[in-house]
Amino acid sequence: MNLTQLRTFVAIAEAESFVRARGLYLSQPAASRQIQALEASLGVLLFDRLGRRIKLTPEGEDLLHRGRRLLQEAESFAERARALKGGQAGTLRVGGSTQHIESVLADFLPRFKLNHPEVDVDLVEEGGARVPERLERGDVHLALMTSGDDAYSYKLLAPVLVLAVVPATHALARRTTLEISELTDHPLLLLRRDYASRGWFDAAAHIKPKVLLESAAPHTLLALARTGRGIALVPSNVSIAQDAVQALPLVRRRTPIGRWAIVAWDSRRFLPPYGKLFIDDLVAFCRDHYPGRDLLRRTSPLPRPRRASVPG
């Protein structure tokens, strides 16, 4: 068994296909030969072949979890060696939601690259509610996500609020905030449940909402809200052109509904030195450039999480 065979096994197992496996620069016959060689060296069958389809055997499912850990340890070993060599160069994998990539990282990354040209940043996009899973699995070194999980070390970036977006001509548009109980009689435009902000709304709502649409695209909801189809509920880090709409922080008993955005890492795994540079630069950037900061003045401050960490 070697690491190349193990990487091939993990990639094929996660894709459930020899053809769609990500990151493999092998022909299907070459990948099949590697799997056959691995099965022979281990003495177990890893996949059931069902015509053109494949499925992990029970032995394969067990070994997949161990294989991922072995690859993570091997990568940490190599990263540690580069760091000991004095390296400020390498690849940093950063995970985040569509909103974080669009509204924060798109502007931040050119500045970071200018100051640290030897660091390559690979982005991994995921629904906000699933970003922590990527960090837990070791798919990313750093994750832009929201507070609430004390399993990870993190630094604070900025508050993120749930906004109620209405047309500028709407009766509610002159308000500075909107109490969640006032949504009872209004049709709502909601994000799907893989968005973290949808979970915050569901947890705070003690109403049975009239849901007009659930969408994976915040700007679809904003377009419908602009034409008066309903009230769109989106996180404050979504870019909103406020010429035709008004965005109101959603509150429950005058307390804003939201979470702090954080940059998080798993302290059990090795974080390369350039990861620490990324964290410090991102925190400094977000002090002035995190989207939606102007809306924070309309409501009481969002409480800070109890714990924030320093990378070390």
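Let me start at Gln 99. Gln 99 sits in helix 4. This is a predicted model, so keep that in mind throughout. Is Gln 99 buried or exposed? Buried: the relative accessible area of Gln 99 is 6%, and the cut-off for buried is under 20%. And what does Gln 99 touch, once we set aside neighbours within four places in sequence? The list is Val 104, Tyr 195, Pro 218, Pro 235, Asn 237 and Val 238.

Stay with helix 4 for a moment. Helix 4 runs over 98-115. Leaving out residues up to four places away in sequence, His 116 touches Leu 277 and Asp 281.

Now the cavities. How many are there of 30 Å³ or more? The count is 2. The largest cavity has a volume of about 150 Å³. Its lining is made of 15 residues. Those closest to the centre are Ser 97, His 100, Gly 128, Thr 146 and Ala 196. Which elements supply at least two lining residues each? Helix 4 does, along with strand 5 at 142-146 and helix 6 at 196-204.

Next, Asp 194. Look in the loop between strand 8, residues 187-191, and helix 6. Which residues does Asp 194 contact, leaving aside neighbours within four places in sequence? Gly 127, Gly 128, Ala 129 and Arg 130. Take Gly 127 from that list. Gly 127 and Asp 194 are 67 residues apart along the chain. Their C-alpha atoms are separated by 5.4 Å. Gly 128, another contact of Asp 194, is one of the residues closest to the centre of the largest cavity.

On to a pair of arginines. Where is Arg 253? In the loop between strand 11, residues 245-252, and strand 12, residues 255-256. Arg 254 lies in the loop between strand 11 and strand 12 as well. Now check the backbone. Arg 253 is not a glycine, yet its phi is positive, at about 55 degrees. Arg 254 is not a glycine either, and its phi is positive at about 70 degrees. Buried or exposed, for Arg 253? Exposed, with a relative accessible area of 66%. Arg 254 counts as exposed at 74% relative accessibility. The cut-off for exposed is over 50%.

Last, the whole chain. The protein chain has 8 helices and 13 strands. Its C-alpha atoms fill a box of roughly 70 × 50 × 30 Å along the principal axes. There are 312 residues, and buried residues make up 48% of them. What about contacts with a separation of 6 or more? Of those, 76% come from residues 24 or more positions apart. The Asp 194 and Gly 127 contact, at 67 residues apart, is an example of such a pair.

Surface and charge, quickly. The chain exposes about 16500 Å². Carbon and sulfur atoms supply 49% of that area. There are 44 positive and 34 negative side chains. How far apart do the centres of the two sets lie? The separation is 3 Å.

Terms used: Residues are numbered from 1 along each chain as its sequence is written. This is a predicted model: local features need pLDDT of at least 70, side-chain atom pairs count only at pLDDT 80 or more; totals for chains, interfaces and linings use all residues. Side-chain values use heavy atoms; hydrogens and water are left out. Helices (H or I, at least four residues) and strands (E, at least two) are DSSP runs, numbered from the N terminus. Buried means under 20% relative accessible area, exposed over 50%, partly exposed in between (1.4 Å probe, protein chains only). Contact means heavy atoms within 4.5 Å. Accessible areas come from the Shrake-Rupley method with a 1.4 Å probe; for residues, only the protein chains shown count as cover. Lys and Arg count as positive and Asp and Glu as negative; His and the chain ends are not counted. The place of a charge is taken as NZ of Lys, CZ of Arg, CG of Asp or CD of Glu. On a 1 Å grid over the protein atoms alone, a cavity is a set of points where a 1.4 Å probe fits but cannot get out, and a pocket is an open set with protein on both sides within 12 Å along at least five of seven lines; lining residues have an atom within 4 Å of a point. Grid points are joined across faces, edges and corners, and a volume is the space filled by probe spheres set on the points.
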